[in-house]
Amino acid sequence: MVDTNKFVSLINVNKFYDNGMHAVTDFNLDIAKNEFIVFVGPSGCGKSTTLRMIAGLEDISGGELYIEGKLANDLEPVDRDVAMVFQSYALYPNMTIYDNMAFPLEMRKDMLPLLDKDGNPVLDEKGEAKLVLRKYTKGEIDTRVKEAAKILEISDQLNKKPKALSGGQRQRVALGRAIVRKSKILLMDEPLSNLDAKLRVYMRSEIVRLHEATDSTTIYVTHDQTEAMTMASRIVVMSKGFVQQIGTPEEIYRHPANKFVASFIGSPAMNFVDCIMDKNVLRFSDGHEVTLETSIIDWVKKFYTEQLADHKANEAKFIEERRAQLEREFKAQKHLRKKEFKFDETTDKEVIKYKEGIAKMEELIKTHNYPLIFGIRPEAMKEDEKGDEYEVLLSELLGDEYYVHLMFGGKECLAKVPAEKKITKGTKIKLSFSLDKVHLFDPITEKAIF
Amino acid sequence: MAKTKKEASMKRNRIIDTIWSNGLLIILALVWIIPIVWVILASFSTQTEFMTDSVFPKEYTIDNYVRLFTETDYPIWIGNTALIAVTNTVLTTLFTVLTAYALSRFRFKMRKLFMNITLILGMFPGFMSMVAVYFIFNMMGLIDSIWGLLVYYVAGAGLGFFVCKGYFDTIPKDIDEAIHMDGAPHIVAFIRVYLPLIMPIIIYTALLAFMAPWADYILAGILLSDTNRTVAVGLYEWMDEYHINSYFTLFAAGSTLVAIPITALYISLQRFFVEGISAGAVKG
């Protein structure tokens, strides 16, 4: 029996494009059965590429993809038993809604009960239906299509052409086309981004409900962090082709692994302010101080020692990877140039940056003086009579709450406060925050320390 | 006050514009239509000569049409041309659409190069190759056969894929991927999804392929002999100095008849024709 925790496995999956671009780097993920995984990240982060590699629409340049324990790298999309919903819906404009949904079934052969001449299933000795690989009959297709149409509430649209439907209805048809096949894996590539805001919120819950009703394993790609937070059972945050963090929405919100995740997840974004750590006190450039309950300076030192060791150990690998990447890019554009490929690690920007990072860390450990990035979410800053007083620079009313801009630690920050009283420019408000809501990041690697 | 003055002058300009442009269009239409009307009228004339003393015939008769079918080879020519036209329509459309499908939907080595070569080849007029074609066909024994002519028309058909490819390019790539995900084989996808979507361009291609043989004089004139003619070649012979005075009304009648099916087709399918041309224009 296949390990249900490894229903879909991606092991060191890489994608290089013909132009030498390294679109996805070492993607590792085990997806359990019935999970709702969301890939989220800004555009160009490789999330769609990864999805398309799982679908079989893009070749996998390196690494392995297992579906139900079987290596799927070279399987055709049909043989992977995946269904996909496209951003543009990709409905066949010339076919009716019924035909659009029936088409995938007409094209398929599946393990289905063997039928006798009258269309009744042939039973074996145990009284169970005998399964054979065959095409669907007209009747079976009809049942499946009507069933899916009923779930998606498009039963009365079946004879129309896609053109006659609204955006939301087309989206339903696209979902219907994906679920009629009862595929084990359902892939969705930004399915809601063509809908207006109101419909998007509605369809969001519809998709989650659909996922629960069909108990398929869903992989969903979006650039909208709200969709990721509300729909996912696990989120994969990606940036520049790298996986930044994998975890449940709660984990990712509470304990972002690095500055990128912290800023990408959560709306409005987390505030970041530079500070200097002095024992258990954080000092800001405007003289403001935050005292932590316990001294974490040893922890910070340990973090840097580990980072330094890690950076040093991986230096040769980093340089080699950088060289390989540049060479790939060079080869892809070879027809443009005549020169030989050259790589000088003493002048390469990325390598210099990496080496500078090492030098900086050594310096930090020696001087015991750590500059850090202090992070606090706008919703963590609460109104409190005992708190510090701030002057409001700008206030934005969102109905029941204000986004308040104020100076904190020498930088303009945002706080989310309930709209109990009127807050305007120049109003003085008192705010405080609980220390367990504070995040600290290392300015060199941008990783979370605390 | 100043404003109304300006408005008045604008209005005057608009009127002048309308008169000017409509006037020009009327003149152009007349210039274009007079020869046609003249030929049609001549086809009903009792005088067989080319030079007559009046613009309009003095007496009208349908005798010319009757003679066309009873006394001349005209029915054979029509038959030949129709046969070529119909076969050419089917084959040319098939080849053009398939070539366009392949070049638009698939990515393969030399694709760009192939398209560029085609583009450059297309810049040379077809009759430049006439002599070579004659010798090659002579060697292959295809001279003096309407099938030889057909081979010439169809062989190069695939190279006229540009407009059709432009139309194919307007079908989003997502559709291909959806087909790929659904697991439909290319042939099924082509027939069930693409063909219905490209109907306008198929009709445009077919219409052009159908009309070409009716109007092709140069090549048909070289490849075909006296007995085995197409309408264009046959009719043109009546215009030489030996025949023109006795055959001119027959020529007019023949021309009029040929024009009827083409005109009818063109008008009934004009909608698709315009769609086809504009599709190529935007996306070509």
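How many of the five residues of strand S9 (residues 185–189) of chain A are buried? Keep that in mind as we walk through this predicted model.

**Stop 1: the whole of chain A**

Start by selecting chain A and colouring by confidence. The average pLDDT is 87, and 98% of the residues score at least 70. Strand S3 (residues 36–40) of chain A has the highest confidence, at 95, while strand S7 (residues 109–113) of chain A has the lowest, at a mean of 81.

Next, switch to a cartoon view. You will find 11 helices and 21 strands in chain A, and the C-alpha atoms fill a box of roughly 85 × 65 × 50 Å along the principal axes. Of the 450 residues, 34% count as buried.

Now colour by domain. The assignment gives domain 1 as 1–81 + 183–267, domain 2 as 94–171 and domain 3 as 295–371. The C-alpha centres of domain 2 and domain 3 of chain A are 55 Å apart.

**Stop 2: strand S9**

Select residues 185–189 of chain A, and here is the reply to the opening question: five of the five residues of S9(A) are buried. Show the side chains and look at both faces. A:Ile185, A:Leu187 and A:Asp189 are buried on one side, and A:Leu186 and A:Met188 are buried on the other.

Strand S6 (residues 82–85) of chain A runs parallel to S9(A), joined by four bridges; look for A:Val85 opposite A:Met188. Strand S10 (residues 217–222) of chain A also pairs with S9(A) in the parallel sense, over five bridges, and there A:Ile185 stands opposite A:Thr217.

Then bring in helix H5 (residues 197–214) of chain A. Together, S9(A), H5(A) and S10(A) make a right-handed β-α-β unit.

**Stop 3: helix H2**

Move on to residues 97–106 of chain A. Helix H2 of chain A is largely enclosed by the rest of the structure, because eight of its 10 residues are buried. Among them are A:Ile97, A:Tyr98, A:Met101 and A:Phe103.

What do the buried residues of H2(A) pack against? Within chain A, select helix H3 (138–151) and helix H4 (167–179); from chain B, select helix H8 (173–182).

**Stop 4: where chain B touches chain A**

Finally, show both chains. The contact takes 16 residues from chain A and 14 residues from chain B. On the side of chain B, H8 and helix H9 (186–197) each give two or more residues, with H8(B) supplying the largest share, seven residues. Colour that side of chain B by residue type to see nine nonpolar, two polar and three charged residues.

Technical notes: Residues numbered from 1 in each chain as written. Chains lettered and ligands numbered in written order. Predicted model: local features only at pLDDT ≥ 70, side-chain atom pairs only at ≥ 80, totals over all residues. Domains from an automatic or database assignment. Buried ≥ 20, exposed ≤ 12 C-beta atoms within 10 Å, placed from the backbone. Contact = placed C-beta atoms within 7 Å. Nonpolar A, V, L, I, M, F, W, Y, C, P; charged D, E, K, R; others polar. pLDDT = per-residue confidence, 0-100. Pairing = 2+ DSSP bridges. Right-handed = clockwise from strand over helix to strand, strands pointing away.
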